[in-house]
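Welcome! Take a moment to look it over, then read on.

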Amino acid sequence: MWNIIKSVGSYFTNTVRDNYDDENRLSIILDGHDDVEPQNLITLDKTGKVTHINEVDGKIDGTIFFWKKEMPSDLKLNDLVSFTAYKETEGEEWRAKKIRVVHSESWEPEPNENELLDIFKTDDNTNRVIETTSYVENGQVLERQGRDVIISPGNIRCNLDVLRAEFLPRKGDFVQLYVTSTPNGTVTYDYLMPLRSRTKMGNITCWEKENNIGIISNEVVFHKDDCEPGYLPRIGDEVIADTIESEQGIKRWRALLVIPANLGDNDQSVDLQDSNSTLLQNKEGIYIPENTDIGSLKLGGEVVYQVVVENGGSKDHELLNASFCVKRNNTQITLEEPVIGEKPLALPSNGNATFVFRVKAKFCGKYRELFMWTFKGFEIARQLKFEVKPDKANNPFGLNQRQLKSTVNAEELLATSSGFVVAGIKPIKPSSFTPVSMGTFEVAHRLVHILLGENNNQQRQESEILSLLFKEYPYLKDDLAPHNYKQRMHTLLDLEEIKNMIDTSSYNLSHAVFSNVKDYLCLKIPNLAEKRPSLLVGDRVIIQESDLSQEAKSKDHEYGKYEGFIHKVQNDGILIKFGPFFHKSYKGDEYSVSFYASRTNFRRLHQAINVTEQHMGLDWLFPQILKMHPVQVKIKESADDKRKVSLKEKTKLCPSKDAAKIIWNTTAKIKDGKEEFVKIPLLSKYQPPKDIHWYNSRLNINQKRAVKYILRGDARPLPYVIFGPPGTGKTVTVVETILQLLAMVTDSRLLIATPSNSAADLIAERLIESDMFTSGMLLRLISHSYAEDKRLPQNIVPISAIVDIKSRDGTPYEMKTYNGAKMKVLSRQEIGLHRITIGTCTCVGALYTMGFPAGHFTHIIIDEAGQATEPELLIPLGFLNPQNGQAIFAGDPLQLGPVVSSKYASDFGLSDSFLARLLRLPLYHKDIDGYPETEGYNPVLITKLIYNYRSLPEITNLCSTMFYSGDLVPKISEHSSEEAKTLKKLSSFMHLPIRENSVLPPSVIFHGVRGTNEQAPESPSWYNPQEVVQVSLYFKQAFESNLDTEEIGIVTPYQLQASKIREAINTAGLPLPKVGSVEEFQGQERMLIILSTVRSRVSLVSSDVKHSLGFVACPRRLNVGITRGRALIVIIGDPHLLVHDSYWRTVLDYCLKNNAYIGCDLPRRLLS
């Protein structure tokens, strides 16, 4: 529900489950077919109550799904029905058919209590059918006692860890409790849901900051923890709330989730230039010129400006004070004379006084400063305006332009290789045999036509596309749920792949000429490295002579097409291999070139969805009940925490005989549906407690808690979450976890997967630095393209290897040379011998093709889990044993999520990571009543790291207040740390605000610049020339302070702004720091971060919000931006625009409160 409210401000009910999945036949799952009727169904005759119904589907008793075709025409909500329940396997949920109405009852606001529903239930131990009675109790939550909920009437006590719940209940909530009883008196509480719920849009009418509680539209109560992370409420804010009926004092509703409504277009505060403003009117005979526009001046320039105040009346006046309304750090304009002290300035009748102002142009942009003359009995104000320009304000640094490609239509996108095509040479020779073949999972052609139109001239509007999507794929309207999981995920991947196909086709050329480069043909593509997405090694190329007519092009038997594959990608071109005949015969002719991205990764993602649902089940993907298991390792903590014991002493490499016992997957076994799990015993009958010796003795209490509970494994196979906000030592905790698992679980095999190569390399480097491994224990699995890319750190090369799908077991491994470094090419048996395997999520997908079975790895750790799409994260999890395996997710769901190109796939949930979704479920959700000692989280399932070791306290406190419920504890000293010393040094060179009673300037500074938004010809990107100049000035000052460029980062959301900033710095003859987007800085840190927001027009921001660009209305991007800095963050932006965004408004308020604002005038709503 959270995703739908956030993207469209409303939500819909659940629909559509794939009714044709044969989950017992893995060959069908892998081949991507869904057209097989289920066989050997388990069926029972039942009765129940209709709890959900719409025009497509419905539910009985809140859990049993049925289709519209199974409905009687007169079926209504709350009807008592008889039906046949069926399921295909014991682990699957029930579905309903042959539904008949037994008793019809319309819904009433106060439902009848204790309504009995006779059903049948299967005894899990004997498989015999026993008669049970199920009924619904309507009641109210009296109190919470830890994880227990007390419900009246009857003082029913139920525990949230064993109760399926849609939400986290609080005292006063009105609820429906689904109960099952047996003839022998056994009562179980099955399901808890709100009695009534609704979505409410309104304004905040009350907010008590001290108590963190507020009211929406005088009727809905909410708490700070109910608000979307990053949002701090204010009276008057328009919000959207997901609410339930609850008695909260005199109010009858409370909010489960509150998010700010869309960005407003207008500032409702009073404009001082309004002619009706009494403050700006001359009065009592005093005349001050209305035109106080000082004009423009060059950066670094200086000007004197005079304002003559005349008394044209018959009465003498006394001027009590004359000053600027807002006192600002590093102001550019000052009053030089007259100086008005304790004695008033006399202004007699017909007299005048000249006020002399001096402007020193320090910063670029437009400025308005309100100056007030206070006379005895009245006041008059004027706005002194001026603009500071760089030498070349309109286009200061020039730009190499690129031409935009024409749009592609559906037919062109789908016409890949029809007719005769001469085959090309792939970068990697395909294997003649693979143990397991992937399904094809072709993109739905209908989906392509919906997005791109039915003919060449048609361009669909977004509203039309959404209408067609909802009609053809109705489950897209609903939240992700067990009944629509597979269908919805496959469709989201198709939407993303279509966008990827469109982006790749933007490189298509109509008249291309190749050049010979050794064994390749080279095609020049200017600025290839700067475009996103870029072409990749392995992408397919189809060429045909350029000057052929359309009729000739259709005669493929006479005019053939040639296929090629990209072997190398360079900064300004690609190297391609076609068939040998074309290379020999090519004479410099022009060809039309079409590009087609490799589908391997998308096929692996589709496969992962089917395999994980088959292996782990929907209860694992949507966990609702906590089942405790015998502990994996019993721990007694050693008193000697500092003793460091080498893994070389405590662990042994798996001998080859262990690998020989692996039950490898084969095509034959899969098609027979007889795949087996590897039986790896983790527990003996008796386990004596083990001493735990910390390899890193500096771990804090939360880091140790995480490691201990992972070693215990009480809730496995449910994922354990290490929730690591910025700078809290998540990587340190992951490394310690790996070392302890190897030492304490001696038969363990670990798979560490990450979304990116950089994250995988970081873990590998940290493990190598620990010096705990014997030869052959540690493996960094990489792809051929990454080996060719020259980015693999040299210290990782000795432990790195490439998958060899072609190699048979027992054959010696090969050594291949990549960029001068020799690397192993390993078979599956050799890979299986290693205790630790590290790779990206997509790279380890090759292991399935090699035949690695589920259960080969005892523990699977996903680092940076919040940055992976859900299907991407599922790839490694296909190897987890569903009985005794353990998954560990490490990451931060409040930082940037996965990179998703398709707006539609993103809006429908693909950009929402599995980690973020997991932490919104009641089982993983923050519950301060249930777990007050562990930051509100169940330590059996999740540990939140709270001690920040990165940034000065002011930086940490800002992000902690906005995003982490104030939990973060800064550990960097603001007096003696390296960061504090750096800030003090920077303050001597940069024009930073000065604060009283402090030797240091603020560590979070907002510099207001009222600039302009510009576009280069034929470029979709934007830049702000005034901000470009200000950024380059700050960088120059920081560089002059002898701060290393490696310690400076410049963050901006637009490629054109980044390009302009680089050119400005190059023009100044300075070395370049890293300049890039927030995404490029995620996971990194710098002493100094300069952040340029660019936008200065609200109309353009609404477009950004629509296309997920920029910083505005993107709290997670803002969170990453403000948490990269260790000593100082300088934010450059337009406060008149950013004040419209509730998240940025909080940043502005924070800077004003800390006397950390400089630059242009502020909007009235901030001053008030």
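**The barrel**

Strand β13 (residues 197-208) pairs with strand β16 (residues 238-248) in the antiparallel sense, over seven bridges. Please keep in mind that this is a predicted model. The points below start with this pair of strands and then visit a helix and another set of strands.

- Five strands close into a barrel, in the order β13-β14-β15-β17-β16, and their pairing is mixed.
- From one strand to the next, the twist averages 50°.

**Helix α5 and its neighbours**

- Helix α5 covers residues 462-472, and Ile-465, Leu-468 and Leu-469 are buried in it.
- Seen down the axis of α5, these buried residues fall within an arc of 100°, so they line one face of the helix.
- An α-helix has 3.6 residues a turn, so residues three or four places apart point the same way.
- Ser-463 and Lys-471, on the other side of α5, are exposed.

**Strand β52 and its partners**

- Strand β52 (residues 1086-1092) is mostly covered, with seven of its seven residues buried.
- Strand β50 (residues 1048-1051) runs parallel to β52 and is joined to it by four bridges.
- Strand β53 (residues 1125-1133) also runs parallel to β52, and six bridges join the two.
- Ile-1090 of β52 is the bridge partner of Ile-1050, and Ile-1090 also stands opposite Val-1130 in β53.

Notes. Residues are numbered from 1 along each chain as its sequence is written. This is a predicted model: local features need pLDDT of at least 70, side-chain atom pairs count only at pLDDT 80 or more; totals for chains, interfaces and linings use all residues. Side-chain values use heavy atoms; hydrogens and water are left out. Buried means under 20% relative accessible area, exposed over 50%, partly exposed in between (1.4 Å probe, protein chains only). The arc is that of the directions from the helix axis to the C-beta atoms. Two strands pair if DSSP finds at least two bridges between them. Axes are lines fitted to C-alpha atoms, for helices over the stretch in contact, and angles run from 0 to 180 degrees between N-to-C directions.
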